[in-house]
Amino acid sequence: MISPAFATILASGRAQFNGRAAEARRRFPALDMAAFGAFLYDGVDPLVVAVAAAAPERVGGVTLAAYDMALELVGHGLAGPAAKNPFLNSVWRELAPSFAPLLATAPVNVLGMLSNAAIHISSVAGARPAQWQAGMAAVAPQVGSVAQLRAVGQVLAWRAGVAHFRQGALAAADTLPHALALAAFGEPGAQWPQVHAQLMANPWRGNAEGREFGSFSGLGGDFGAPPQVRATLDGFVVRSAERHYLLVADAYGAVLHSATAQEFELAQTGVPASVRLDGATVHVGARSIALDLPAGDIAIAANAHTLAITSPWTHAIRLLPLA
């Protein structure tokens, strides 16, 4: 059963809502009205209840906006019980109500941003959508505008593994009130100028161990053959068999994009003087890291902040911070 607040609005505008549903069925012939009804209960009703409590005078407009967007999402198969992207259901049901005051003033913008973010983050291999949702819920009471919602969403997407968001997220964080920016990074007691400077200077801040990326495509991984790696300013160009990729990685995650053979040929092959390979041990400054790889065929490449290690005996790339 839906809430009394939602039931009252639907009953009072029955003709209008029915007309919108009929128009949606013309636009989306495969629209499953049973699935739409389930999403009204599961995804729309919770945010209607939240807005009714926070701003009852605006709940009608919010309901209409949410109803229209729900028709669109279910019509595209993105929401509802059989959704292509079940994470979106969770965002509407559990996260959107946290932004009830903002929903009351800008429902289309808020629901659009949250929905687009949910769809994008859940499509990035290796990203952590649940972490993003939890972070957004935690900072929701401090978010006072659509612009702040957009900025904090980008910051938290980066922290949830969307590594190529790094530069944009740092720029977005600089537009936020310092207290909100620090909350987004989980450092409420720090000073934002110092945190920002550290994040700009060191992409591996908070992660001294680095990470391993990639596995055999025959087992659901990324590479059909052991990868070869060359460095670029902000990442690595990877060659695996006849395919090429751009790997962007930092403390929060690693993301693979497409690249070209020409980009691989133009990328760097050298390493800084502080890096030395001795058999199966790599020395980075004063640190020594023993590698679980046969000595002799190990290859290394580095940019200003990251060392990448590959071998013909593995489909994985080991990434180590240089700082």
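## Basis and secondary structure

Helices (H or I, at least four residues) and strands (E, at least two) are taken here as DSSP runs, numbered from the N terminus. On that basis the protein chain has 13 helices and eleven strands.

The model is predicted, with local features needing pLDDT of at least 70 and side-chain atom pairs counting only at pLDDT 80 or more, while totals for chains, interfaces and linings use all residues. Residues are numbered from 1 along each chain as its sequence is written, and side-chain values use heavy atoms, with hydrogens and water left out.

## Overall dimensions and packing

The C-alpha trace of the protein chain spans about 75 × 45 × 30 Å along its principal axes. Of its 323 residues, 48% count as buried, that is, under 20% relative accessible area with a 1.4 Å probe, protein chains only. Among contacts (heavy atoms within 4.5 Å) with a separation of 6 or more, 59% join residues 24 or more positions apart.

## The largest pocket

A pocket is an open set of points on a 1 Å grid over the protein atoms alone, where a 1.4 Å probe fits and protein lies on both sides within 12 Å along at least five of seven lines; lining residues have an atom within 4 Å of a point. The largest pocket holds about 270 Å³ of space, a volume being the space filled by probe spheres set on the points. Its lining comprises 15 residues, of which Met113, Ala117, Arg150, Gly153 and Gln154 are the closest to the centre.

Helices α7 (107–123), α8 (129–139) and α9 (146–159) each supply at least two lining residues, and α7 gives the most, with seven.

Methods
Buried means under 20% relative accessible area, exposed over 50%, partly exposed in between (1.4 Å probe, protein chains only).
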